[in-house]
Amino acid sequence: MVDRLEKIWMDGSLVDWDDAKVHVLTHTLHYGLGGFEGIRAYKRADGRSAVFRLREHVERLFDTTKLCLMPMPFTREQVIQACVDVLVANKLAEGYIRPMAYVGEGAMGIYVNNPTKVTVVCWKWGAYLGQEALVNGIRTKISSFARHHINIGLNKAKMMGQYTNSILAKREAKLGGYDEAILLDSQGFVSEGSGENLFVVRRGALVTPPLSSSILAGITRETIMTLAREEGIPVVEDRLTRDELYLCDEAFFTGTAAEVTPIREVDNRTIGEGKMGPITKRLQARYFDVVKGSDNTHPEWFTYYT
C-alpha cells in the first residue's frame, strides 16, 4: 500500500492528498492514452538528498507526449520543478516520484481534443521486488505474452495503455509461483521484463537486447552500460535467444524501481551458480555507490533539493 502523504502537484498547484481526484469521464481512464515516468530520489552519503537523472526522465515524458500527439500545457522546467516541489512539500529525504500526463475529461470516443492534464505524486518505496531479491536474486518465467511488434504501438514511449501487456505477463508469472516475467519480442528474441530491462553476462561481456527488440530505452539501462564501460566490462547490444538466456553466466534486471536485481532462475533453469554473479555484484555495488553513496563521478546525474 502507498502511505498517505500530504501534497500532490496537479496542473500547476500543490493540493491536499485527499483532494487529488479526477473525474470518472477522464479520457485516459477509458482509452489508456497518456505517459508517465518513474523516478527515484535518494539520500546520499553526504546527507544531502537528490533526484537521480531527473532531467532525462522528464525529457522522456515529453518524448512520450510528442509521440502520442498530446500537447503539453507545461514546460520541461516546470515539470522538473514540480517533481522537486512534491518531495519538499512531503518532507521526503528519499522516495519515488511519478509524473504523469493524461487526457482529461470532455468529449468521449477514440478521437478527441480534450486538454492534457499533468500531475506529479511521490511516495515512500523501497526495493521494488523486495530487499531480499537484491541480494539473493529472483525466479523468472518466460511469458506466454509477447512484447508488441514495433508497428503495433510506440515502444519508445512510456505509455500507460501499453502496460496492460506487462500486467498480464506479471500476473501469469506470479500465479505460476515466479517473481517476475520475461517477455520475448514478436520474432521470438528476448525483449525485457514486465517493467525492467534485462542484461546477461556471457564470457565476461555484458549483453543486453537492442532497442529494436521492442524494449523501452531505459534510463537505468543506459546508466549501467555507462558504468560497465567505466569498469572495463565490454558491453554489447545484441539479440538474445531464449536458450542463450538459459545458458548465460549471469543475468539481472535494471530499472528505476528494480534498480539492479539479480536473476537466479529462468524457467526452472538455474542461472550460473544460482546466486548473484561477480559482475552483477560489481555493477550493483557501483550503481548504489553512485545513487546513494559517495561516488561523485557523475554530478550531472543529480538534482539536489536538500
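A cavity is a set of points, on a 1 Å grid over the protein atoms alone, where a 1.4 Å probe fits but cannot get out. A pocket is an open set with protein on both sides within 12 Å along at least five of seven lines. Lining residues have an atom within 4 Å of a point. Grid points are joined across faces, edges and corners, and a volume is the space filled by probe spheres set on the points.

The model is predicted: local features need pLDDT of at least 70, side-chain atom pairs count only at pLDDT 80 or more, and totals for chains, interfaces and linings use all residues. Residues are numbered from 1 along each chain as its sequence is written, and side-chain values use heavy atoms, with hydrogens and water left out.

By the cavity rule, there is one cavity of 30 Å³ or more. The largest cavity holds about 40 Å³ of space. Its lining includes Asp 249, Glu 250, Ala 251, Pro 262 and Ile 263. Ile 271, Gly 272, Lys 275, Met 276, Gly 277 and Thr 280 are also among the lining residues. Strands β14 (250–255) and β15 (259–266) each supply at least two residues of this lining. Helices (H or I, at least four residues) and strands (E, at least two) are DSSP runs, numbered from the N terminus. By class, the cavity lining divides into five nonpolar, three polar and three charged residues. Here Ala, Val, Leu, Ile, Met, Phe, Trp, Tyr, Cys and Pro count as nonpolar, Asp, Glu, Lys and Arg as charged, and the others, Gly among them, as polar.

The largest pocket holds about 980 Å³ of space. It is lined by 39 residues. Phe 36, Arg 98, Lys 158, Tyr 163 and Gly 195 lie nearest its centre. Two or more lining residues come from each of α2 (54–67), β6 (95–103), α5 (163–175), α6 (219–230) and β14. Of these, α5 gives the most, with six residues. The pocket lining has 14 nonpolar, 16 polar and nine charged residues.

Charged pairs come next. Side chains of opposite charge can pair when their charged atoms come close. A salt bridge is a side-chain nitrogen of Lys or Arg within 4 Å of a carboxyl oxygen of Asp or Glu. The count comes to 19 salt bridges. In one of them, the side chains of Glu 6 and Lys 91 meet at 3.8 Å, N to O. Glu 6 lies in the segment before β1 (7–10) and Lys 91 in the loop between α3 (76–89) and β6, so this pair ties together parts that are 85 residues apart in sequence. Relative accessible area describes how such residues are placed: buried means under 20%, exposed over 50%, and partly exposed in between (1.4 Å probe, protein chains only). Glu 6 is partly exposed at 44%, and Lys 91 is exposed at 64%.

Arg 202 and Glu 244 form another salt bridge, with the closest N and O atoms 3.3 Å apart. Arg 202 lies in strand β11 (residues 197–202) and Glu 244 in helix α7 (residues 242–246), so the pair ties together parts that are 42 residues apart in sequence. Both count as partly exposed, Arg 202 at 21% and Glu 244 at 31%.

In the salt bridge of Arg 286 with Asp 295, the closest N and O atoms are 2.7 Å apart. Both residues are buried. They belong to a network of salt bridges that also links Glu 230, Glu 231 and Arg 282. Asp 295 sits in the loop between α8 (278–292) and β17 (302–304). Its relative accessible area is 11%. Its side chain makes a polar contact with the side chain of Thr 297 at 2.6 Å. A polar contact is a pair of N or O atoms within 3.5 Å; within protein, one must be able to donate a hydrogen and the other to accept it, and residues adjacent in sequence count only if both atoms are side-chain atoms. Asp 295 and Ala 45 are 250 residues apart in sequence, yet 9.0 Å apart in space, C-alpha to C-alpha.

Thr 256 lies in the loop between β14 and β15. Thr 256 is buried, at 15% relative accessibility. A polar atom of its side chain lies 3.3 Å from the backbone oxygen of Gly 38.
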